[in-house]
Amino acid sequence: MTRFSKLIAPVGLILAAAAALPASAQVQGNIATVDIPRTIIGTTAFQTAYEQVNTTYAQQNELRRTKAQERQTMLAKFDKNGDKQVDDTEQAAMQKSPDFAKLQTLEQEIAGLNNQIDGARVYAVEQIIVQYPSALQDVTTKDQIKFVIDPTSLLFAPPEADITAKVTAALNTRVPAVGVVPPSGWQPSREGVQVYQEIQQRLIAATIAQQQQQAAAGQQGNPAAPDGR
């Protein structure tokens with residue numbers, strides 16, 4: 001598995017170069033920026049794989065929802081003050097309950113189902129990551145780029161310096177599709193998990209932003225009726 005720290009730096013393209021530049025440096029000429037999570041999210045392989053996970057692991061998803069609801073029902077019995085939480089006092093009472101062992105079993109089962117679903121997604125992401133250095137090299141060679149820098153390392157990076165879309169296109173050529181069923185004995189790499197977690201954070205943030213925009217649009221579309229005279 002390719003080391004995550006090297007994903008942005010194949011064949012002399014060094015992320016560390018950013019440290020040698022002034023904080024206010026403008027990216028121009030043969031220096032470019034690339035957003036790794038956004039690069040992967042934009043690929044056809046990633047988007048198709050996430051849809052396939054929902055289909056392939058539909059049974060696990062449904063079972064997870066069922067067990068999560070059962071867990072919430074059990075926890076509600078110990079929420080004596082109705083604050084939707086189990087505090088220390090309630091936790092102590094719960095641990096003495098005959099239902100505690102069943103609750104622990106439920107949590108283990110939910111964790112196992114989560115691992116199956118998340119593992120399938122990490123496996124898909126890792127297959128794309130493997131091709132990332134080559135895809136980046138394709139773009140930097142074609143555009144004669146010497147340094148690739150994380151956009152967060154600079155105060156200002158002009159849009160034209162961003163080669164994320166180009167790397168995504170190169171990835172689409174190199175890895176048009178990936179599998180979502182890991183082989184027997186497969187274990188996720190630390191780098192794969194790290195990239196997956198960053199991608200999940202991006203997707204969650206995008207979902208929240210979309211919901212907020214929809215809510216704002218709904219409020220604008222339904223202004224309060226003016227008071228009658």
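## Burial and surface

Of the 229 residues in the protein, 35% are buried. Keep in mind as you browse that this is a predicted model. The exposed surface comes to about 14000 Å², and carbon and sulfur atoms supply 52% of that area.

## Overall fold

Let's look at the secondary structure next. The protein has 8 helices and 2 strands, and along the sequence these run in the order β-α-α-α-α-α-α-β-α-α.

How much of the contact set with a separation of 6 or more comes from residues 24 or more positions apart? Such pairs account for 90% of those contacts in the protein.

## A closer look at helix H3

Helix H3 covers residues 58-76, a run of 19 residues.

Which residues of H3 are buried? They are Gln 60, Asn 61, Lys 67, Met 74 and Leu 75. Because these residues cover an arc of only 145 degrees around the axis, they lie on the same side of H3.

## What lies on either side of H3

The buried residues of H3 are covered by elements including helix H2 (44-56), helix H4 (88-95) and helix H5 (100-129). Turned away from the buried side is a face of H3 that carries the exposed residues Gln 59, Gln 69 and Thr 73.

Note on methods:
Residues are numbered from 1 along each chain as its sequence is written. This is a predicted model: local features need pLDDT of at least 70, side-chain atom pairs count only at pLDDT 80 or more; totals for chains, interfaces and linings use all residues. Side-chain values use heavy atoms; hydrogens and water are left out. Helices (H or I, at least four residues) and strands (E, at least two) are DSSP runs, numbered from the N terminus. Buried means under 20% relative accessible area, exposed over 50%, partly exposed in between (1.4 Å probe, protein chains only). Contact means heavy atoms within 4.5 Å. Accessible areas come from the Shrake-Rupley method with a 1.4 Å probe; for residues, only the protein chains shown count as cover. The expected span of a helix is 1.5 Å times one less than its number of residues. The arc is that of the directions from the helix axis to the C-beta atoms.
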